[in-house]
Amino acid sequence: MDRLRNFIFNFITKRTIVCLALIFCVGMFLLIENMLALSRDVLKSQAFANSESQADLILETWRQYTNSVASRLKTLPEVSIRYDYLAQDHAIPFPATFMIESLAKTTEDTKKGTYKLYSHYPFPWRQDRPFDLFGEKALEFFERSDQLAYGDLVQGQNGQQWWKIGRAH
């Protein structure tokens, strides 16, 4: 044991610069690794916040359409709210249909993001749509919880990560 202690003591005293350089390099490595981890965390939280903000905007658009358009036009006898509104004169879409079609158009135009509407009670003509794993998990979460947001960090085949956000309505 004394030989080992003497060796370490001699190594440190005779090679002080090497020891300090080694300590400095280890410290810099740990510092850089910590900064990279913090950057990843900040990027993930920012992406989640942006996704939540986008989901809030979608829900607010739905509310505005329901309150400002559909509810007002519903009182006019010549206007009807229908799922097949394109085939009918003086008809407008249901708020859910409006959102589904608007979001599909947005996705088609921008090629950024995917928007889906999940419900255990879809319109009869939409009942054949299967849920993906996220939809099942989100609906289960909202049934068990009183929280209004659900998020899942997903990793794609190419290693890219993104957030899937679910909002209760």
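How many aromatic pairs does the structure hold? The exercises below work on a predicted model, in which local features need pLDDT of at least 70, side-chain atom pairs count only at pLDDT 80 or more, and totals for chains, interfaces and linings use all residues. Residues are numbered from 1 along each chain as its sequence is written, and side-chain values use heavy atoms, with hydrogens and water left out.

**Exercise 1. Count the aromatic pairs and describe the one formed by Phe-48 and Trp-163.**

Step 1. Rings of Phe, Tyr and Trp (its six-membered ring) pair if their centres lie within 6.5 Å; planes under 30 degrees apart are stacked, over 60 edge-to-face, and the rest tilted. The count is six aromatic pairs.

Step 2. Phe-48 and Trp-163 are 4.7 Å apart centre to centre, with 70° between the planes, and the pair is edge-to-face.

Step 3. Phe-48 belongs to helix α2 (residues 16–74) and Trp-163 to strand β4, so the pair ties together parts 115 residues apart in sequence. Helices (H or I, at least four residues) and strands (E, at least two) are DSSP runs, numbered from the N terminus.

Step 4. Phe-48 has 21% relative accessibility and counts as partly exposed. Buried means under 20% relative accessible area, exposed over 50%, and partly exposed in between (1.4 Å probe, protein chains only).

**Exercise 2. Check the length of helix α4 and find its buried side.**

Step 1. The expected span is 1.5 Å times one less than the number of residues.

Step 2. The buried residues in α4 are Phe-134, Gly-135, Ala-138, Leu-139, Phe-141 and Phe-142. They cover an arc of only 160° around the axis (taken from the directions from the helix axis to the C-beta atoms), which puts them on the same side of α4.

Step 3. On the face turned away from that side are the exposed residues Leu-133, Glu-143 and Arg-144.

Step 4. The cover over the buried residues includes β3 (149–155) and β4 (161–167), where contact means heavy atoms within 4.5 Å.

Step 5. Ring pairs join Phe-134, Phe-141 and Phe-142 with Tyr-118 and Tyr-150 in a cluster.

**Exercise 3. Decide how many disulfides there are.**

Step 1. A disulfide is a pair of cysteine sulfur atoms within 2.5 Å.

Step 2. The closest cysteine sulfur to that of Cys-19 is in Cys-25, 12 Å away, which is too far for a bond.

Step 3. The count is therefore zero disulfides.

Step 4. Cys-19, at 16% relative accessibility, counts as buried, whereas Cys-25, at 49%, counts as partly exposed.
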